[in-house]
Amino acid sequence: MYDYRGFMIDSARHYQPIEDIKEIIRAMAKLKFNKFHWHLTEDQGWRIEIEKYPLLNTKAAIRPYSDFGKTHRDEPYGIIYTKDEMRDIVKFCGELGIDVIPEFDMPGHTSALLSAYPEYSCGKKDIKIKTHQGIYKDILCIAKDETVEFVKDILDEIMEIFPYEYIHIGGDEVPSAQWENCVLCQSVMNTLGITDYTEYQNTFINKIIDYLESKGRHGIVWNDIAKGKNLDKRAVIQYWKENDKATIEFINSGGKAILSPFSYYYTDYYYEITPLNRVYSFNPDLKGLTEEGKKNIIGLETPMWTEYVETKEYMQKLMFPRVIATAYTALGKNDMPYSRFLCDVRAIRAELEKDGIVFEDEKEWTYSRAHNPIGWKKFANDHYTKDFFKALKDNE
């Protein structure tokens, strides 16, 4: 059994009312999950009330319209969670034995933040909050001392709300184009003798890790930055990019890790892509881990990303029953045959449905691997447009 048994909800792309989040939390508590990773900042919206920087609560929170997949919403979209609401979630989770881990994603996925405070970019002035899915060039200028202080100010307010020892600081999907063209960034890199942009990113991440440690906290980062050999070993790495040798090396050399493998535990994809039987089959003993390395896996986490998930009912159908398989593995109960596991799932379904949780139809739970390309084709057809691929190429 793992000490860390987590689930994540992305409230940045699409906001969920507090009561809807509580409904999910109640169900996850019954499944013995004990960590709630709350993804609260993104290119498409900022969701954390911050008093020192009020434009985060207004300009950064509201995108003018939405174009996720093939769904167009012409009206402005966005709202923050107030400090009182977030404290309410912390209290509610605490009563159920769940710790809350907020995520302030940096230095990438910061278009919304920079739309309000562009002075922390590499000189770009008119930065737009993003209105559809993607990975964007607008990132923090980490060569500026004032950027580090800005981030610390925000973290100070976040830590006042969320008392648990871990804070997630992102680190994923950071294009280096703006750093490559930034005179200040190039000067700092030359001074440090660094040519690798992931290692340059890690000089910033390490400063933030050090700051959190000085406050008695610890930072979690996505495993994108493991390939930078200078990542502080005090960082806990979240493994989503699979078969990554640098991540395995980090873990084997003493770094702690949480496993959230993309092709097993991401619940925002169709069941044809990630069926229940695949989730249940995941083996946390990753290839390449030494016996000591295996001891550095502190737990598992199942993420729910919401680019294409707008309603409570759809979110629940995507999560349930797949999160049950993650729970069983985290609890060390995944050694039974899949057919026996299905019997347990049916019993759990009956209990959770009494609480109002919506499950996917059982006929959709189990698929062979042969359905995977069919599922991906369907997913792409439902969500990807020419505009999306153009934006991905241009990286706006």
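The protein has 16 helices and twelve strands. The model is predicted.

**Exercise 1. Overall form**

Task: Find how compact the protein is for its length.

Solution. 
- Start with the radius of gyration. For this protein it is 20 Å.
- For 396 residues the rule gives 21 Å.
- The two values are close, so the protein is as compact as a globular protein of that length.
- Along the principal axes, the C-alpha atoms fill a box of roughly 60 × 50 × 45 Å.

**Exercise 2. Inside and surface**

Solution. 
- Look at the contacts between residues at least 6 apart in sequence. Of these, 74% join residues at least 24 apart.

**Exercise 3. Strand S12 and its partners**

Task: Which strands are joined to S12 by bridges, and in what sense do they run?

Solution. 
- Find S12 at residues 297-304. Eight of its eight residues are buried.
- Go to S1, residues 4-10. Six bridges join S1 to S12, and the two run parallel.
- Go to S11, residues 256-259. Three bridges join S11 to S12, again in the parallel sense.
- Check Gly-299 in S12. Tyr-4 stands opposite this glycine, and Ile-258 has Gly-299 as its bridge partner.

**Exercise 4. Strand S9 and its partners**

Task: Is S9 largely enclosed or open, and which strands pair with it?

Solution. 
- Count the buried residues. Four of the five residues of S9 are buried, so the strand is largely enclosed by the rest of the structure.
- Take S8. This strand pairs with S9 over three parallel bridges. Ile-167 stands opposite Gly-219 in S9.
- Take S10. Three bridges join S9 to S10, and they too run parallel. Trp-222 stands opposite Gln-238 in S10.

**Exercise 5. Two residues compared**

Task: Decide whether Asn-223 and Ser-214 are buried or exposed.

Solution. 
- Recall the cut-offs. Buried means under 20% relative accessible area, and exposed means over 50%.
- Apply the cut-off. Asn-223 has a relative accessible area of 1%, so it is buried.
- Look at what Asn-223 touches. Beyond its neighbours within four places in sequence, its contacts include Ile-237, Gln-238, Trp-240 and Asp-244.
- Ser-214 has a relative accessible area of 54%, so it is exposed.
- Ser-214 and Lys-137 are 77 residues apart along the chain, and their C-alpha atoms are separated by 31 Å.

**Exercise 6. Helix H8**

Task: Which residues of H8 are buried, and what covers them?

Solution. 
- Find H8 at residues 245-252. Its buried residues include Ala-246, Thr-247, Ile-248, Phe-250 and Ile-251.
- Look for the cover. It includes S10, S11, helix H11 (291-294) and S12.
- H8 is followed by Gly-254, which has a positive phi near 115°.

**Exercise 7. Backbone exceptions**

Task: Where are cis peptide bonds and positive phi values found?

Solution. 
- Start from the general rule. Most residues other than glycine have a negative phi, and most peptide bonds are trans.
- Inspect Met-106 to Pro-107. This peptide bond is cis, with omega near -5°. Pro-107 lies in the loop between strand S7 (99-106) and helix H3 (111-116).
- Inspect Phe-320 and Pro-321. A cis bond joins them, with omega about 20°. Pro-321 is in the loop between helix H12 (312-319) and helix H13 (322-330).
- Turn to Lys-32. Its phi is positive, about 75°, although it is not a glycine. Lys-32 lies in the loop between helix H1 (18-30) and strand S2 (35-39).
- Turn to Glu-173. Its phi is positive too, near 50°. Glu-173 is in the loop between strand S8 (166-170) and helix H5 (177-180).
- Check the cover of Glu-173. At 24% relative accessibility, this residue counts as partly exposed.

Conventions. Residues are numbered from 1 along each chain as its sequence is written. This is a predicted model: local features need pLDDT of at least 70, side-chain atom pairs count only at pLDDT 80 or more; totals for chains, interfaces and linings use all residues. Side-chain values use heavy atoms; hydrogens and water are left out. The radius of gyration is taken over C-alpha atoms; the globule rule is 2.2 Å times the number of residues to the power 0.38. Contact means heavy atoms within 4.5 Å. Buried means under 20% relative accessible area, exposed over 50%, partly exposed in between (1.4 Å probe, protein chains only). Two strands pair if DSSP finds at least two bridges between them.
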